[in-house]
Structures are given as C-alpha cells and as structure tokens.
Amino acid sequence: MHLTIGRRARLTVLGAGLITAAAVALSATGPALADTTDTGGTATITIPRSYIVHLAKSGVVLLAGAPSTSSYTAGPGNFSSTDAYTLPVTGGNGEVSNFYGTVDLGGTLVVISAAHSQTATITDLKINFFNGTLTGVIDGAARPVTIAYISGNLSSSTGTGTETFTATQLAFGARAAAALNTALGTTVFARATNLGSLSTTYDVTVS
C-alpha cells in the first residue's frame, strides 16, 4: 500500500510487518510504549542513477563523509542503477512498533558544486518516526531541517534485539532544497523531488 507518514501522525503495524493502516492522528506528546535505546546498525539512502546524473549535469556531486560510505550498483539498464549511501546508527529511541522517536545517524553527506567551487555538508541526520521525516543540519545551522519526507510503500519488522524499516520514496523537503541551492549557488534542488528509498536495520534495547 502506498502511504505517507503525515506530520503529527503514526501508522499501525499489522501482521508480519506490512504497514496497512492509514495514519492515525495523535497528540505530539504521545509517549513510547517502552523505553527504547538504539545502540547500533545502519541506515541506507538509495538514490537512483537518474537523479545522480541530473545533479552532475548541473555540476553538483554528492559524496559520503566518513564514516558513511557509498556504493554504486549497476542494474540491467541505466534507469535501474543506484548509488547507496550507508550511515551508521549511533543512538536514539526510535521504535517501529508504535512509530515513536528518532534513530540517530552518524557520518555526513557532502554536496559539492564544481561549477562554483562551493561545498555544503549535511550532519546530524535523524530518522524521525513520529512525523515521518529524515532531518539534518546543513552547514552547522542552528536548527535542523527536513531533508526528506518518508513516503511510498512502507514496511517494518521486529526481531530479537533488532528492528527494520523501509520506505520506497523520500520527497525532498522545501527548506533543505532552498538551503542547498543558496549554499551552492545553484537551482538544481527542488522540493518534493523523489530522492530514492530508505532502509534501516538497527539494534535496540528495551527497558
């Protein structure tokens, strides 16, 4: 099912983890079912080759800053090839059982404009389950912005000490697009552009 995690909303998880219910509006202060601590794992943002090429045509390159990594996977055709950016999970209190909290990510994403010899760095990335966003801080700004809104086909699962979440679409946030355009002297970034998909598997302890 195609869903978007709306702001101030959550989703009910059924069966083996396929998310099949519509978002249920709740108070922004709703508590977690238990105290969860995220202790490790990874999250991967997979961007289609077509978008990487779109950036390159404007002289913009996206790199993974250590300890993040990136890997290119060639598909049967150019349209199915992808570049995957993998970041370590460093903490947080996110839990997929009731879509609460955040998963904190280490590493950075570095965006370079070759045309203007300018660089923008995205740090402090977090997956926010409560409002369905991927947030980050651009060039040390005082406040984080929404890098992307999580949407598309969503799924989750829980195991012994681990949780997994995937989303097939990441819609570029307007403020992030504007901030990057300003920092790099470009107009290549546009709100609502589908950046690709998100997947994460991370270790949890529950008390």
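Asp104, Asp124 and Lys126 are linked in a network of salt bridges. A salt bridge here is a side-chain nitrogen of Lys or Arg within 4 Å of a carboxyl oxygen of Asp or Glu. The model is predicted: local features need pLDDT of at least 70, side-chain atom pairs count only at pLDDT 80 or more, and totals for chains, interfaces and linings use all residues. Residues are numbered from 1 along each chain as its sequence is written, and side-chain values use heavy atoms, with hydrogens and water left out.

The count comes to two salt bridges. Lys126 meets Asp104 at 2.9 Å, N to O. This pair links distant parts of the chain, with Lys126 in strand E10 and Asp104 in strand E8, 22 residues apart. Strands (E, at least two residues) and helices (H or I, at least four) are DSSP runs, numbered from the N terminus. Lys126 also bridges to Asp124, where the closest N and O atoms are 3.8 Å apart. Asp104 counts as buried at 18%. Lys126 is partly exposed at 22%, and Asp124 is partly exposed at 39%.

Asn128 also has its place in strand E10. This residue is buried, with a relative accessible area of 17%. A polar atom of its side chain lies 2.9 Å from the backbone nitrogen of Phe130. Asn128 touches Gly101, Thr102 and Thr133, leaving aside residues up to four places away in sequence. Contact means heavy atoms within 4.5 Å.

Four aromatic pairs are found in a search of the whole structure. Rings of Phe, Tyr and Trp (its six-membered ring) pair if their centres lie within 6.5 Å; planes under 30 degrees apart count as stacked, over 60 as edge-to-face and the rest as tilted. Phe99 and Phe129 form an edge-to-face pair, 5.7 Å centre to centre with 80 degrees between the planes. Phe99 lies in the loop between E7 (82–92) and E8 (102–105), and Phe129 in the loop between E10 (118–128) and E11 (133–138), so the pair ties together parts that are 30 residues apart in sequence. Phe99 is buried at 0% relative accessibility, and Phe129 is buried at 1%. Phe172 and Phe189 also pair edge-to-face, at 5.7 Å and 80 degrees. Phe172 is in strand E13 (162–172), and Phe189 is in the loop between helix H2 (174–184) and strand E14 (197–206), 17 residues apart. Both Phe172 and Phe189 are buried.

Helix H2 has a buried side. Ala176, Ala177, Leu180, Asn181 and Leu184 are buried in H2. They cover an arc of only 130 degrees around the axis, which puts them on the same side of H2. The arc is that of the directions from the helix axis to the C-beta atoms. Arg175 and Thr182, on the other side of H2, are exposed. Cover for the buried residues includes E9 (108–113), E10, E11, E12 (145–159) and E13. Just after H2, Gly185 takes a positive phi of about 65 degrees.

Strand E4 (residues 36–48) pairs with E14 in the antiparallel sense over 10 bridges. Two strands pair if DSSP finds at least two bridges between them. Thr37 stands opposite Thr205 in E14. E4 also pairs with E7, again in the antiparallel sense, over seven bridges. Here Pro48 stands opposite Thr82 in E7.

Note on methods: Buried means under 20% relative accessible area, exposed over 50%, partly exposed in between (1.4 Å probe, protein chains only). A polar contact is a pair of N or O atoms within 3.5 Å; within protein, one must be able to donate a hydrogen and the other to accept it, and residues adjacent in sequence count only if both atoms are side-chain atoms.
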